[in-house]
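Visitor: I'd like to learn how to read a protein model by its features. Could you walk me through this one?

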Amino acid sequence: MGSSTYPFVPADFEIPSVLETESYRLRMLTINDLVKDFDAVISSSEKLKEIWPDSTWPLGLTLEENLIDLGWHQREFTKRRSFAYTVVALDETKVLGCVYINPTIKKHHDAEIYLWARTSEHKADLTDEQLMTTVENWVAQEWPFLKPAFPGKKIPWDVWNQLEEEKR
């Protein structure tokens, strides 16, 4: 996941705090989501290898390491440097997935967006494809990005990895 030499979002841009659908909600991922997030991540570890094929995450992830990750995501969000949203059931009893909106160093793109729905939800009401459609529409309507990228979803990994990067 990249970083950028320019501001990720304009200073006057109001970061969306929540997106609610008929069956789930996206809101900032925080340390208060620790146990439910850890359960979702660990139970979806095979699927997450597809989301980030060059990573070993979450292999060996401990609850303490997850707390550190969540704290980092929360801080990055409040500093407006990247935005991690948890996808939760409307009653907040279960984490259903995550959405990560990050800066990029890839030329011709202004954000990298990753998402995943919990493996158990694929048999229920939420698939990666459904979440993708929701997030794509939300980003187009509510965010300032002109060319967001969805590596591994809309852009195959082999193509993404070959895209030209900004000079630092």
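Guide: Happy to, and let's begin with pairing: two strands pair if DSSP finds at least two bridges between them. Helices (H or I, at least four residues) and strands (E, at least two) are themselves DSSP runs, numbered from the N terminus. Here S3 and S4 run antiparallel and are joined by 6 bridges. Some ground rules: this is a predicted model, where local features need pLDDT of at least 70 and side-chain atom pairs count only at pLDDT 80 or more, while totals for chains, interfaces and linings use all residues. Residues are numbered from 1 along each chain as its sequence is written, and side-chain values use heavy atoms, with hydrogens and water left out.

Visitor: Which other strand pairs with S3, and over how many bridges?

Guide: Strand S2 (residues 24-28) does, in the antiparallel sense, over 5 bridges. Follow Val-88 to see both pairings: Val-88 is the bridge partner of Arg-25, and Val-88 also stands opposite Val-95 in S4. Between S3 and S4 there is a hairpin with 5 residues between the strands, and in it Glu-92 takes a positive phi near 65°.

Visitor: How many residues of strand S3 are buried?

Guide: Buried means under 20% relative accessible area, exposed over 50%, and partly exposed in between (1.4 Å probe, protein chains only). Strand S3 (residues 83-89) has 7 of its 7 residues buried.

Visitor: Now helices. What span does helix H3 reach, and what is expected?

Guide: The expected span is 1.5 Å times one less than the number of residues. Helix H3 (residues 63-78) has 16 residues and reaches 22 Å from first C-alpha to last, close to the expected 22 Å. Just after H3, Arg-80 takes a positive phi of about 65°.

Visitor: Which residues of H3 are buried?

Guide: Asn-66, Leu-70, His-73, Glu-76 and Phe-77 are. They cover an arc of only 125° around the axis, which puts them on the same side of H3. That arc is taken over the directions from the helix axis to the C-beta atoms. Exposed Glu-64 and Ile-68 sit on the face turned away from the buried side. As for the cover, contact means heavy atoms within 4.5 Å, and what covers the buried residues of H3 includes S2, helix H1 (34-43), S3 and S4.

Visitor: And H4: what is its span, and which residues are buried?

Guide: Helix H4 (residues 128-142) has 15 residues and reaches 20 Å, close to the 21 Å expected. Its buried residues are Asp-128, Leu-131, Met-132, Val-135, Trp-138 and Val-139. Down the axis of H4 they fall within an arc of 135°, so they line one face of the helix. On the face turned away from them, H4 carries the exposed residues Glu-129, Ala-140 and Gln-141.

Visitor: How many salt bridges does a search of the whole structure find?

Guide: First the cut-off: a salt bridge is a side-chain nitrogen of Lys or Arg within 4 Å of a carboxyl oxygen of Asp or Glu. By that rule, the search finds 12. One of them joins the side chains of Asp-33 and Arg-27 (2.6 Å, N to O), and both residues are buried.

Glu-164 and Lys-107 meet in another, at 3.1 Å. That pair links distant parts of the chain, 57 residues apart: Glu-164 in the segment after helix H5 (157-162), Lys-107 in the loop between S4 and S5. Glu-164 is partly exposed at 47% relative accessible area, and Lys-107 counts as partly exposed at 30%.

Visitor: Lys-106: is it buried or exposed?

Guide: Lys-106 is buried, with a relative accessible area of 5%. Lys-106 lies in the loop between strand S4 (95-102) and strand S5 (111-117).

Visitor: What does the side chain of Lys-106 reach?

Guide: Think polar contacts here: pairs of N or O atoms within 3.5 Å, where within protein one must be able to donate a hydrogen and the other to accept it, and residues adjacent in sequence count only if both atoms are side-chain atoms. The side chain of Lys-106 reaches the backbone oxygen of Trp-160 at 3.0 Å. A polar contact of 3.4 Å also joins the side chains of Lys-106 and Glu-165. Leaving aside neighbours within four places in sequence, the residues in contact with Lys-106 include Glu-112, Asn-161 and Leu-163.
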